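Visitor: Can you walk me through this one? I'd like to start with how the pieces sit against each other.
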Amino acid sequence: MEFTYHPTTFLDAEVSFFENTKSITPSKTITFRDWIFNENEVLRDKINKIRAEQNSELKHTLPCITGSGVITGSRADSNLKYHNGCIVLDIDYKENLHLKEEDFSQLKKKVFRSISEICYAGHSVGGKGYYLIIMIENPNRHKEYFEYLNKWFKDAEDINIDKTCKNLSRLRYYSIDDNQYINENATIL
């Protein structure tokens, strides 16, 4: 990693854009602002179909980003050119079956909004999980932050986060949430 980068707002953090999960190299660099506010009706229709049919094959045709920064060359942790200061977490219902479904469906409204470090909370592509964006102070300790957050969510909220989120080059599928939570003044962890 050449250097780290902390934008004024997480929305200006740069990420690598991939056409889909089969893409080996990124096609361009965009910001979270470009990603989150992309109003593409073709993608909306595709996501609605994925949610209605629970079609995981169609999911793999969606565009993706590396949420923690910009990749040069092929997608690998060792090819992270720079870290954007963000960690992206997934929280899936299948890993939280101990929670009542109605409680899980209210996490964004009742839990995530009360955590000052969360910049963004929105539904993941399947519509039954969430993804969160959190800014971290020292990107060189990305995996330590992941371990801390993993333990904190489990101990404080009894929520299990997806363990594969600790990878720097992990892909984040495009998704839509018309009731997303955005906090540009979130506390940096």
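Predicted model: local features only at pLDDT ≥ 70, side-chain atom pairs only at ≥ 80, totals over all residues.
Guide: One term before that: contact means heavy atoms within 4.5 Å. Axes are lines fitted to C-alpha atoms, for helices over the stretch in contact, and angles run from 0 to 180 degrees between N-to-C directions. Helices (H or I, at least four residues) and strands (E, at least two) are DSSP runs, numbered from the N terminus.

Visitor: How many helices and strands does the chain have?
Guide: The chain has 6 helices and 11 strands. Its radius of gyration, taken over C-alpha atoms, is 16 Å, close to the 16 Å from the globule rule (2.2 Å times the number of residues to the power 0.38) for 189 residues, so the chain is as compact as a globular protein of that length. The C-alpha trace spans about 45 × 35 × 25 Å along its principal axes.

Visitor: How many bridges join each pair?
Guide: β7 and β9 are joined by 7 bridges, with I134 in β9 as the partner of I87. Between β8 and β9 there are 5 bridges, and A121 has L132 in β9 as its partner. β8 and β11 are joined by 2 bridges; there, Y120 is partnered by I182 of β11.

Visitor: Is β9 buried or exposed?
Guide: Buried, meaning under 20% relative accessible area; exposed is over 50% and partly exposed is in between, using a 1.4 Å probe and protein chains only. 7 of the 7 residues of β9 are buried, so the strand is largely enclosed by the rest of the structure. Both faces are covered, with G129, Y131, I133 and M135 on one side and Y130, L132 and I134 on the other. For the chain, 48% of the 189 residues count as buried.

Visitor: Which residues have the most contacts inside the largest core?
Guide: F10, F32, W35, I36 and I133, in a nonpolar core of 30 residues. Such a core is a set of buried Ala, Val, Leu, Ile, Met, Phe, Trp, Tyr and Cys residues joined through side-chain atoms within 4.5 Å. Among the elements that each supply at least two residues of this core are α1 (32-36), α2 (41-53), β7 (86-92) and β9 (129-135). A second, separate core of 24 residues includes I91, F112, I115 and F153.

Visitor: What does F32 touch?
Guide: Leaving out residues up to four places away in sequence, F32 touches F10, L11, A13, V15, I65, G67, N84, C86, V88 and I133.

Visitor: What about the other sheet?
Guide: Another open sheet of 4 strands has the order β3-β2-β4-β10, again with antiparallel pairing. β3 (28-31) and β10 stand at its edges with a single partner strand each, so one side of each has no neighbour in the sheet. Neighbouring strands here are turned by 40° against each other on average, direction ignored. β2 and β3 pair over 4 bridges, with S16 opposite T29 of β3.

Visitor: Now the loops at either end of α6. Where is N138?
Guide: N138 is in the loop between β9 and α6, and at 28% relative accessibility it counts as partly exposed. N138 and H83 are 55 residues apart in sequence and 9.6 Å apart in space, C-alpha to C-alpha.

Visitor: And what is the phi of D158?
Guide: It is near 55°, a positive value in a residue other than glycine. Most residues other than glycine have a negative phi. D158 is in the loop between α6 and β10 and is partly exposed, with a relative accessible area of 33%.

Note on methods:
Residues numbered from 1 in each chain as written. Heavy atoms only, no water. Pairing = 2+ DSSP bridges.
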